[in-house]
Amino acid sequence: MTATVPARRRPGRARAGRQLHAGPFAYAVLALFTAGSLFPLVWTAVAASRDDTRLARTPPPLWFGGNLPANLARAWGEAGMGLALANTVLVAGTIALGTVLFCTVAGFAFAKLRFRFRGALLLLTVGTMMVPPQLSVVPLFMVIARLGWTDHLQAVVLPTLVSAFGVFFMRQFLVEALPGELVEAARMDGASSWRLVWHVVFPVARPAMAVLGMLSFVQAWNDFFWPVVALTQENPTVQVALTGLGRGYVPDQAVIMAGALLGTLPLLLAFTFFGKQIVGGIMRGAVKG
């Protein structure tokens, strides 16, 4: 018997499933972009560890000092960061959960259900994204004041429980990810609309829901304009509390930076512990099996 000689592979052709390796130029570009992204955070920590007199000198300090614990303690006490962080976690978590649930249901309706004026309603929903949010501040504040919700957290939560971007994002995902045959099969098995949403739509939309929840949480955490209008220093979120540190004839920049660092740390911890799950959800939503 003659042995079969396997065909030689062409040297220039990459093997299937082979991991590609980046060159030195790619690593240099990535390192440059990483350094540029981390510089504001590092500078905030450096400024928070110094005193106001040193920050006013030229050139500014480029390394950490020894005043970080004192500045953090002062910012915590002056801004009431304990209450502010608790309020912000509650507000951002509620907004993220409400946005994910309501936008997923609305996106499913626009993607798979048939009803009159569906296209017009979708166009109207997307069109609201073109309206500057500053135009709605006066009428929204009038409604909040009439309801007696000023300086209450529901004044910040309820107007942002649903977003036009979230509805459009979930609609676009479910159009491709949710087969119409699966919806029809659930209908034939006698599933109601809410059971269909709970047992079919939510499992399919889980990757997109994770991404939308992350984006909504970060946006709600960093939101400044509407909370500073609707809330006061007596019941603040983090961004509202930080405005109290900048008051006075000569604001202490080091203490302001320490407060900004305190407001950023929870987000950094969340991304540290849940970063793999977030990236995994993004990849599952991007890769089609």
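**Helix H10**

I compared the length of helix H10 (residues 193-204) with expectation: at 1.5 Å a residue its twelve residues should span 16 Å, and the end C-alpha atoms are 15 Å apart, which agrees. The expected span is 1.5 Å times one less than the number of residues. Helices here are DSSP runs of H or I with at least four residues, numbered from the N terminus.

The model is predicted: local features need pLDDT of at least 70, side-chain atom pairs count only at pLDDT 80 or more, and totals for chains, interfaces and linings use all residues. Residues are numbered from 1 along each chain as its sequence is written, and side-chain values use heavy atoms, without hydrogens and water.

I then looked up burial in H10 and found Leu 196, Val 197, Val 200, Val 201 and Phe 202 buried. Buried means under 20% relative accessible area, exposed over 50%, and partly exposed in between (1.4 Å probe, protein chains only). These buried residues pack against helices H4 (81-112), H8 (164-177), H9 (180-188) and H11 (206-222), where contact means heavy atoms within 4.5 Å.

**Aromatic pairs**

I paired rings of Phe, Tyr and Trp (its six-membered ring) if their centres lie within 6.5 Å; planes under 30 degrees apart count as stacked, over 60 as edge-to-face and the rest as tilted. The count by this rule is five aromatic pairs. For Trp 63 and Phe 64, the ring centres are 5.1 Å apart and the planes stand at 75°, so I noted the pair as edge-to-face. Trp 63 is exposed at 61% relative accessibility, and Phe 64 is partly exposed at 37%.

For Phe 110 and Phe 115, the centres are 6.1 Å apart with planes at 50°, so this pair is tilted. Phe 110 is buried at 11%; Phe 115 is partly exposed at 34%.

How values were computed. Helices (H or I, at least four residues) and strands (E, at least two) are DSSP runs, numbered from the N terminus.
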